Every structure is written in structure tokens, then in C-alpha cells.
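Have the sequence and the 3D view side by side as you read.

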Amino acid sequence: MNEYHPSHDLEYRDSSHYDYVCKKCDTADTPSGPGKLAEPCSAEDPEAKRVAKINAASGKILEDILESIENITLDEDQFLAETYARLVAAKFLGYSPTALVEDAEAAAQRLLALVEESEVTDEN
Ligand SMILES: [Zn+2]
């Protein structure tokens, strides 16, 4: 596949890493060709939209939880009970608790890496 999918709304941007970015899905091409822009625009994919919405909502909930950890107002036992019950309920809804946990683990590692990176920057 070496052509841009027509579903994207492309805008030229002068960068050494890409030439065109889709205004709808924020996906960029590559110096050698369309890359991911050869695939249909994710902004028109209802499932991709749903995932983006879930990720945004999850980020907000995580912020609240981190704040309550910082302020020492989090009831850890209640938090664990809710988390466990929600994973069981997710299974009933047809989702994989294992996949959710693996994804959460990877997200936590990315966040911890960012925190460590910013702490190193603060020290310098
Ligand atoms: Zn697009």
C-alpha cells in the first residue's frame, strides 16, 4: 500500500519526520510514504472513537485517584474491593480482565518512566 487513504483530511506540515498530518485523526505519514495514512482514518472508525473516549475518561479517573493518594484520603481496602469487583463485572460483560490488567501494567510503566525522566530533569 503506497497511497494515502482518501478518508483522511491531510494538511502539509514542514517536519523532518513527516510531510502530511491528518487533521481528523492526528496521524502523520513517514518520510518514505503514507505509512499509517494508507489505512482508513481512525476518526471515522466508531470503535477507535470509543477507545479514545474511554482512554480520556480513564485518564481523568486516574488523576482523581492519584490526587487522593497524594492527599492520603484514599481508602485502599475500598479501592481494591471496587477494582476487583469491576474486573469481575468486566468479565461478565465479555471483556478480558487479563488484557485490561496487562494494558494497565504497561500504562503504569510508561507513567513511571515519565515521572523518573522528569525527576532526573528536575535534579539537573
Ligand atoms: Zn485521519
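The report below goes from the overall outline to the core and then to one helix.

## About the model

This is a predicted model, in which local features need pLDDT of at least 70 and side-chain atom pairs count only at pLDDT 80 or more, while totals for chains, interfaces and linings use all residues. Residues are numbered from 1 along each chain as its sequence is written.

## Overall outline

Three helices and two strands make up the chain's elements, in the order β-β-α-α-α from the N terminus. These are DSSP runs: H or I of at least four residues for helices, E of at least two for strands.

The C-alpha trace spans about 55 × 50 × 20 Å along its principal axes. The domain assignment, automatic or from a database, gives domain 1 (10-43) and domain 2 (75-124). Their C-alpha centres lie 31 Å apart.

## The core

Of the 124 residues, 6% count as buried, meaning that 20 or more other C-beta atoms, placed from the backbone, lie within 10 Å of the residue's own. The largest nonpolar core has five residues: Leu 10, Cys 22, Cys 25, Leu 37 and Cys 41. Such a core joins buried Ala, Val, Leu, Ile, Met, Phe, Trp, Tyr and Cys residues through C-beta atoms within 7 Å.

## Helix α1

None of the 25 residues of α1 is buried, so the helix lies largely in the open. Just after α1, Ile 72 takes a positive phi of about 50°.

Key. Buried ≥ 20, exposed ≤ 12 C-beta atoms within 10 Å, placed from the backbone.
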